[in-house]
Amino acid sequence: MKAFMDKDFLLSTPTARTLFHGYAEKTPVLDYHCHINPMEIAQNRQFDNITQVWLGGDHYKWRFMRSCGVDERFITGDASDKEKFFKWAEVIGKAIGNPLHHWSHLELQRYFGYTGALNKNTAEEVWNLCNEKLADPSMSVRSLIKQSNVTLICTTDDPVDSLEWHKAIAEDDTFDVQVLPAWRPDKAMNIEKPDYADYVKKLADASNTAINSFADLKNALTNRMEFFASRKCSVSDHGLEFVMFAPASDEEVEAVFAKRLSGETLSREEELKFKTAFMVFMGRECNRLNWVMQLHYGCKRDNNKKMYAKLGPDTGYDCINNHTPSAQLADFLNALAETGELPKTIIYSLNPADNEYIGTILGCFQDSTAVAKIQQGSAWWFNDNKIGMKNQMLSLANLGNLSGFVGMLTDSRSFLSYTRHEYFRRILCDLIGEMVENGEFPDDMDILSEIVTDISYNNAVRYFGFDLETK
């Protein structure tokens, strides 16, 4: 029997172990998409206890606790931090087969030196150990980032954001990790939302631009994109229900925008026409600025309306949406390619059934301007587990260029989530090791090590064009 999560965890062959320990384990981390708060980095936050780090905003954990019948008081309610931790310890001790069990124990091992198993019997021991270590200055937010061998972080930022904390970090010579903004204009696109007109006013103020038409909206967004670019932003990110393509004339789109600003409700057809025009404009602007465009889609959000009214978004009530029409995705990319304005694009679907669809679409739009110019993003959200990651990489290998893959991201709000890169790299090395030892790929360590280190780090550096020589 293998030991629980020892140094060779998930590494089932000698080749896998050589690739991980000799190469992947030593490679830095580039976290090109996450949801951490730049203010906490600027202020170098120190956490009071492990609950604040682990359970403060992690809807993955909240969702699992609800599945175990835990009362909401111990999840998002008024129970003490210690009570919440003890409930988490109780349920994680039985989370067999769930990646949360692996992630939590990797974090305990790497940041707290705890190699045992967290459960109801060890809760007091782990609570005391973690809190004692968290009190040390070496466990501040910046120290955790440095310990994790992170070289660059891209946060997720709204167009109206002042980016003041990014500026503060950039001007602080005591911290050499780059923390860059990433453009997330979902609120400017989601014209159907009840507060859309209020948001447009905020955008007008931030851009110092009157917004009375769709043309004005585009000018305001261009203004803000230029500002983001001045803060070294080179990545956009778009959260979509699906990648739609319902083209309309400029006059039609202007009429839809005017109708919505006047307070009227739009039809579904009008909404999709507006969003298509919006996203085509975003693609063109990303191409002009040489930004990478990320498309996240396939999620049906906020399904439990009672709990949404109580807790708001991103609290654990989302699911996979199987309405992800591949034909419209292809038509959207083609609309940009036809005019020579298709930027480097990463496509993530929350629906794992889309792996092959995406894999075949990628090949339609590749060219010599970049290796794997159109990427399939890493297994996302409900899929960033052992099976989901392996299936995504196998599909990409079967239908495209796995060696050109930009690899893992945290997509997290936690400063301990960098172990997800280790988890991913172990699965990557095991997958490649299995191919080699089955005689499916040559046992050439020069090439194998290059593939592994490229997917782990180098491909992302090259693809996004980050300058890691200067902060």
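This is a predicted model: local features need pLDDT of at least 70, side-chain atom pairs count only at pLDDT 80 or more; totals for chains, interfaces and linings use all residues.
Me: How many residues does α6 have, and what does it reach from first C-alpha to last?
Reply: Helix α6 runs over residues 99-112, which is 14 residues, and its reach of 19 Å is close to the 20 Å expected at 1.5 Å a residue. Helices (H or I, at least four residues) and strands (E, at least two) are DSSP runs, and the expected span is 1.5 Å times one less than the number of residues.

Me: What caps the N-terminal end of α6?
Reply: Asparagine 98 does, with a side-chain oxygen lying 2.9 Å from the backbone nitrogen of leucine 100.

Me: How many residues of α6 are buried?
Reply: Of the 14 residues in α6, 13 are buried, so the helix is mostly covered; buried means under 20% relative accessible area with a 1.4 Å probe, protein chains only.

Me: At what angle do α4 and α6 pack?
Reply: Helix α4 (residues 59-67) packs on α6 at about 130°, with the axes 11 Å apart, where axes are lines fitted to C-alpha atoms over the stretch in contact and angles run from 0 to 180 degrees between N-to-C directions. The contact (heavy atoms within 4.5 Å) is made by Tyr60, Lys61 and Phe64 of α4 and by Leu100, Trp103 and Ser104 of α6.

Me: And what angle do α11 and α12 make?
Reply: Helix α11 (residues 196-207) and helix α12 (residues 214-230) pack at about 50°, with their axes 9 Å apart, and they are therefore oblique to each other. The residues making that contact include Tyr196 and Leu203 of α11, and Leu217 and Arg224 of α12.

Me: Changing topic, where is threonine 324, and what polar contact does its side chain make?
Reply: Threonine 324 sits in the loop between β7 (319-320) and α16 (326-338). Its side chain makes a polar contact with the side chain of aspartate 354 at 2.6 Å; the term covers N or O pairs within 3.5 Å in which one atom can donate a hydrogen and the other accept it, and residues adjacent in sequence count only if both atoms are side-chain atoms.

Me: Is threonine 324 buried or exposed?
Reply: Threonine 324 is buried, with a relative accessible area of 9%, and, leaving aside neighbours within four places in sequence, the residues in contact with threonine 324 include Phe242, Tyr297 and Ser349.

Me: Which element holds phenylalanine 20, and what does this residue touch?
Reply: Phenylalanine 20 is found in helix α1 (residues 14-22) and counts as buried because its relative accessibility is 1%. Not counting residues up to four places away in sequence, phenylalanine 20 touches Leu11, Glu25, Glu422, Arg425, Arg426 and Cys429.

Me: Last one, how many of the residues of α14 are buried?
Reply: In α14, 16 of the 22 residues are buried. The end C-alpha atoms of α14 (residues 268-289) are 31 Å apart, which agrees with the 32 Å that its 22 residues should span at 1.5 Å a residue. Just after α14, asparagine 290 takes a positive phi of about 60°.

Conventions
Residues are numbered from 1 along each chain as its sequence is written. Side-chain values use heavy atoms; hydrogens and water are left out. Buried means under 20% relative accessible area, exposed over 50%, partly exposed in between (1.4 Å probe, protein chains only). Angles under 35 degrees count as roughly parallel, over 145 as roughly antiparallel, 65 to 115 as roughly perpendicular and the rest as oblique.
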